[in-house]
Amino acid sequence: MSDEPAPPLAAAPLGPEVPVAAPSAPPEGVQRQRLHPLTPLLESFRFLTAAAAAAGIQAFTSRNFLFAIYIALAAAVIGGIASLIALQYRGFVIWGRELHIYGGVFTRSHRTVPLERLQSVDLVRPIRARLFGLAQLNIEVAGGDGTDARLAYLKADRALALRAELLAIAGRPAAPVAEPAEDEEAPEAVPDRDAGLLVPQLTVRRLALASFLEALPAQITFLAVFGTAFAVAGSIFGFTRVATVVWVGFLAPALVGYIQSTIAAVNRFLRNGRFRIARDGTNLLIQRGLTDTSHETVPVDRVTGVSFAEPVLWRSRQWKRVEVWTAAVAQQSATAVRSTTALPVGGPDEVAAVAAAAVPDLPSVFATERPPQRARWRMPLRWKRTGAALTERAFVVRHGLWVNTHVALPYARIQSVKVTQGRVQRMQGLATVRAMAAGGVGHDAVAVDRDAREAVAMAAELRDRADAAAALERPRLS
Amino acid sequence: MSAKTVPVWDLWPGEVTWQPMSPKLRTVWVLRSLLNLFLLAVVAAVPLGIWLGWRGVLWALCGYVLLAGLRAWAVARTVATWGYAEREEDLLVRHGLLTRRLNIVPYGRIQLIDLSAGPIERMFGLTTVQVRTAALGSTSEVPGLEPAVASALRDRLALRAAEVREGL
């Protein structure tokens, strides 16, 4: 397009000084550290089970046991040779302040991870790896292209040692000076790495009860709908015809969906078992999992929002689930957002502790203001549980009937603000305010159906507060 | 008078001086919508012509004229609602006839600034400025600017964005 010269840039790029070291490959002779010999076996776990199942079916149906044995032998030999070859090319080298990861047989890959920009190292233990006492390291780098580097699989103790080593090279635990914009959080964060957990470890019983109560409304609804549909259709058309025709056409797909949602609920329960959260300087450390243990690190200065979800049956117990949104900048403008569960279920005190740890001084109980009365017919059931508030630290909105959710967006993390007014809203003098945080769709705070005048004033106020809050933080590129 | 008939952006507290778009934008957009509709009419005319002969083509033409008139009227009115304002710390963009939209983009959060121009826009010498932040789906467009105005706006935005960088 236009050929005018670009405007002069600001004097110096603000933010962390990243020394632009040329990505120096280690010399050829350096001994690569190898991954565990069982790695290829574990990675082709699904393939192997599929092959075994195929062989089994073949043997069972055709009574040709010899053929199955041939298949198994061939798979074992080919797999063994392939994994031996693959292992020769896989490995990693720590060279200076960089981690080099090698892989691939036909297409060689060589990945360089600059450890200065190390964001987090997560230790993950899927169940198939746990069977053999192995673990996997997920390495996340700030300013990377979104995909994590992965080291899989290593012996568990070696993985832990390597994690410590990587973090030490990155200078994280010993001297967290590499981390910018922590000056405000620092006085608040008492370095209680040893003191341990923010909240007591979640008991399995409580989590089970919470999961059950959360899943219950959907289950009851589904069973009721399913049952009545079956009974009504059956009494009209006769049960046998219904059982064959409607079953295949409609109920079976519905049942599949139901089973999937149930499995998802169970999975969430397994994933959140033995949940521990601790604060280490500017990071939240999360460890969780009944079957697959995983460690996660959430940098507090990257938290873009906190959501407090309250399923309908938790209300009487005052339980809430806390989720934390974090954003990491990718190379292009695409920004990856993760929402991490910071507390699967907890009472008011625990929720308050976690909220205050995720965003300094963030309260956990909010008084939101409802939309005007004339908006009530637009959402007859939700109206009472909808609202918005400008609190001291964050923009808070509330929505949802089955799962009532408070979303708190710290002012300093608000990207842009939108006000929209649909045609019906215009007739009623209403408008919707939307404050966007960095990242994906759905990670924003939406205050629906406010009074139009109030909505615009709210948007203006949000902008002012966002500027004020951002000015307090040190400018950074993050 | 209540807020009901006033566009939502006119309720903004404080003075905002809205910059209008180039007057040529209306011509461009009306032309563009006419062209789009014309393509549709051609697509519709082929089966109609096969089915009804020349009468079918006539029908398609009549339908096109009617729809094009309505569309041109609506587009012309929509163009008038577009406007942008540069404030101290942020850029306001307003548009929309039925659904009113007001986007507020702080300079400090701007990540990308694009200039683009489609074929018809180029014919009339107009340029669109697109502003992106880190939030997905928060692209704000300022269409229909003279190239000089557009690149000046781009330069101002880029300068301000570099001065008050706020990150995520």
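Which residue is the bridge partner of Ile110(B) in S5(B)?

Mentor: The partner of Ile110(B) in S5(B) is Thr133(B). The model is predicted, and confidence is therefore treated below together with the geometry.

The bridge between Ile110(B) and Thr133(B) belongs to a pairing in which six bridges join S4(B) to strand S5 (residues 127-133) of chain B, the two running antiparallel. These strands sit in an open sheet of three strands, ordered S4-S5-S6 (chain B), with antiparallel pairing. Strand S4 (110-116) and strand S6 (140-145) of chain B are the edge strands, and each pairs on one side only. From one strand to the next, the twist averages 15°. Helix H4 (residues 147-163) of chain B packs on this sheet and touches S4, S5 and S6 of chain B. The direction of helix H4 of chain B makes about 170° with that of S4(B).

Elsewhere in chain B, the unreviewed UniProt entry lists residues 29-50 and 56-74 under "transmembrane region". In the model, residues 29-50 of chain B are 100% helix and 0% strand, with end C-alpha atoms 32 Å apart. Residues 56-74 of chain B are likewise 100% helix and 0% strand, and their end C-alpha atoms lie 27 Å apart. Confidence in chain B has a mean pLDDT of 86, with 95% of its residues reaching 70 or more.

Chain A also contains an open sheet, here of six strands in the order S6-S5-S4-S9-S8-S7 (chain A), with antiparallel pairing. Strand S6 (149-155) and strand S7 (276-280) of chain A stand at the edges with a single partner strand each, so one side of each has no neighbour in the sheet. On average, and with direction ignored, neighbouring strands of this sheet are turned by 20° against each other. Within it, strand S4 (residues 118-125) of chain A and strand S9 (residues 293-299) of chain A pair in the antiparallel sense over two bridges. Arg125(A) has Thr293(A) as its bridge partner in S9(A). Helix H5 (residues 156-170) of chain A lies across S4, strand S5 (134-141) and S6 of chain A, and runs at about 175° to S4(A).

For chain A, the unreviewed UniProt entry places "transmembrane region" at residues 67-87, 215-239 and 245-266. Residues 67-87 of chain A are modelled as 100% helix and 0% strand, with end C-alpha atoms 30 Å apart. For residues 215-239 of chain A, the corresponding values are 96% helix, 0% strand and 30 Å.

The domain assignment of chain A gives domain 1 (39-178), domain 2 (204-272) and domain 3 (301-472). Between domain 2 of chain A and domain 3 of chain A, the C-alpha centres lie 32 Å apart. Their contact takes eight residues from domain 2 of chain A and nine residues from domain 3 of chain A. On the side of domain 2 of chain A that touches domain 3 of chain A, helix H7 (residues 204-237) of chain A gives the most, with seven residues. The residues on that side of domain 2 of chain A comprise five nonpolar, one polar and two charged.

Finally, confidence in chain A: the average pLDDT is 78, and 82% of the residues score at least 70. Within chain A, confidence is lowest in helix H6 (residues 185-188) of chain A, at a mean of 36, and highest in strand S14 (residues 394-399) of chain A, at 93. The pLDDT is below 50 over residues 12-23 of chain A, a stretch that has 13 contacts in the model beyond near neighbours in sequence. It is also below 50 over residues 174-194 of chain A, where 32 such contacts occur beyond near neighbours in sequence. For the complex, the predictor gives an ipTM of 0.87 and a pTM of 0.71.

Technical notes: Residues numbered from 1 in each chain as written. Chains lettered and ligands numbered in written order. Predicted model: local features only at pLDDT ≥ 70, side-chain atom pairs only at ≥ 80, totals over all residues. pLDDT = per-residue confidence, 0-100. Helix = DSSP H or I, 4+ residues; strand = E, 2+ residues; numbered from the N terminus. Contact = placed C-beta atoms within 7 Å. UniProt positions renumbered as here; feature names shortened; annotations may be inferred. Domains from an automatic or database assignment. Nonpolar A, V, L, I, M, F, W, Y, C, P; charged D, E, K, R; others polar. Pairing = 2+ DSSP bridges. Axes fitted to C-alpha atoms, helices over the stretch in contact; angles between N-to-C directions.
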